[in-house]
Amino acid sequence: MSKRTTTLDILARKGKAPLVVLTAYTAPMAKLLDAHVDMLLVGDSLGMVIYGMESTLPVTLDMMINHGKAVVGAASKAIVVVDLPFGTYQASPSQAFESSARVLAETGATAVKLEGGKEMAETISFLTHRGVPVVGHVGLKPQSVHALGGYRYQGRNDAEAAQILDDAKAVEDAGAFAIVLEGVREDIAAHITSQLKIPTIGIGASPTCDGQVLVIDDMLGLTANTPSFVKHYAQLSHSITAAVKTYAEEVTNRTFPGAEHCFKGKK
Ligand code: KIV
């Protein structure tokens with residue numbers, strides 16, 4: 001069994017071979033992805049992807065812990081990072097510590113991810129000084145969808161671009177070992193990546209980042225209405241529809257189950 005990737009391994013990749021990151025929410029998917037990625041992110045996107053929610057806001061800590069446990073148990077090589085969901089860390093550093101402690105103790109994950117810049121720096125510092133490795137997340141922050149006025153690219157003018165850089169620096173200074181940059185222009189992502197010592201992991205943030213992350217169901221073509229930054233590496237929804245259509249036909253015309261699928265047993 002290969003050794004699991006550590007936070008130091010991730011840090012050491014700054015400016016080197018790009019980090020390969022995907023979300024995973026279930027044990028079978030984590031098992032398939034593990035050998036091919038550096039990091040598995042149990043993202044709170046699971047609320048929308050798995051549970052059909054309108055946003056990530058209703059996701060609970062118990063949901064994240066259940067899925068985190070499944071992913072950690074199925075993956076032995078990739079570092080596993082679990083998102084702290086909305087409302088479980090913003091109130092105070094001690095609330096964030098209590099949520100993170102549950103995540104790390106109950107799932108076996110290595111780190112948590114939380115959204116926010118300067119306003120979360122005190123919390124990130126509190127966590128990292130108490131043994132909780134943290135991945136930051138700036139730019140488009142889906143938990144702030146209503147405050148942002150929708151899922152829109154961030155950094156639309158110089159002041160906003162400067163704010164994202166300040167946020168990323170504050171997250172780094174507070175002790176995060178990596179940071180997700182979501183939905184920012186290429187020049188902003190390139191500048192932030194050049195200014196930080198920790199790796200940047202981009203989603204809709206250009207190849208200038210130190211790594212890339214995508215939502216697994218999006219890149220496999222399992223979800224509808226994906227953002228323009230998603231590349232479909234497969235169209236599994238087409239394959240599933242074709243398979244289920246064939247199954248329905250075969251059940252209807254009694255060609256399934258065939259003789260080879262029947263239990264003969266001994267009389
Ligand atoms: O929740 C999530 O899956 C994420 C990634 C899209 C970065 O935060």
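**Figure 1. Strand S3, residues 79–83, within the predicted model.** Of the 5 residues of strand S3, 5 are buried, so this strand is largely enclosed by the rest of the structure. Buried stands for under 20% relative accessible area, exposed for over 50%, and partly exposed for values in between, with a 1.4 Å probe and protein chains only. Strands are DSSP runs of E with at least two residues, helices are runs of H or I with at least four residues, and both are numbered from the N terminus. In a regular strand, the side chains alternate between the two faces of the sheet. Both faces of S3 are covered: Ile79, Val81 and Asp83 are buried on one side, and Val80 and Val82 are buried on the other. This is a predicted model, in which local features need pLDDT of at least 70 and side-chain atom pairs count only at pLDDT 80 or more, whereas totals for chains, interfaces and linings use all residues. Residues are numbered from 1 along each chain as its sequence is written, and side-chain values use heavy atoms, with hydrogens and water left out.

**Figure 2. The strand partners of S3.** Strand S2 (residues 39–42) pairs with S3 in the parallel sense over 4 bridges; pairing requires that DSSP finds at least two bridges between two strands. Within this pair, Leu40 stands opposite Val80 of S3. Strand S4 (residues 111–113) also pairs with S3 in the parallel sense, here over 3 bridges. The bridge partner of Val82 in S4 is Val112.

**Figure 3. Glu172 in helix H8.** Glu172 belongs to helix H8, which spans residues 158–173. Its relative accessibility is 13%, and Glu172 therefore counts as buried. Apart from neighbours within four places in sequence, Glu172 is in contact (heavy atoms within 4.5 Å) with Leu196, Lys197 and Ile198. Pro257 is 85 residues away from Glu172 along the chain, and the C-alpha atoms of the two are separated by 58 Å.

**Figure 4. The segment after helix H11.** Pro257 lies in the segment that follows helix H11 (236–252). The peptide bond from Phe256 to Pro257 is cis, with omega near -5°. Arg254 is also found in the segment after H11. Although Arg254 is a residue other than glycine, its phi is positive, near 60°. The relative accessibility of Arg254 is 75%, and this residue therefore counts as exposed.

Figure 5. The loop between helix H10 (216–219) and H11 contains Asn225. This residue is not a glycine, yet Asn225 has a positive phi of about 55°. With a relative accessible area of 78%, Asn225 is exposed.

**Figure 6. The setting of the close-up views in the whole protein.** The secondary structure of the protein comprises 11 helices and 8 strands. For 267 residues, the globule rule gives 18 Å, and the radius of gyration of the protein is close to this at 20 Å, so the protein is as compact as a globular protein of that length. The radius is taken over C-alpha atoms, and the rule is 2.2 Å times the number of residues to the power 0.38. Along the principal axes, the C-alpha atoms fill a box of roughly 75 × 40 × 35 Å. Of the 267 residues, 48% count as buried. Among contacts with a separation of 6 or more, 59% are between residues 24 or more positions apart.
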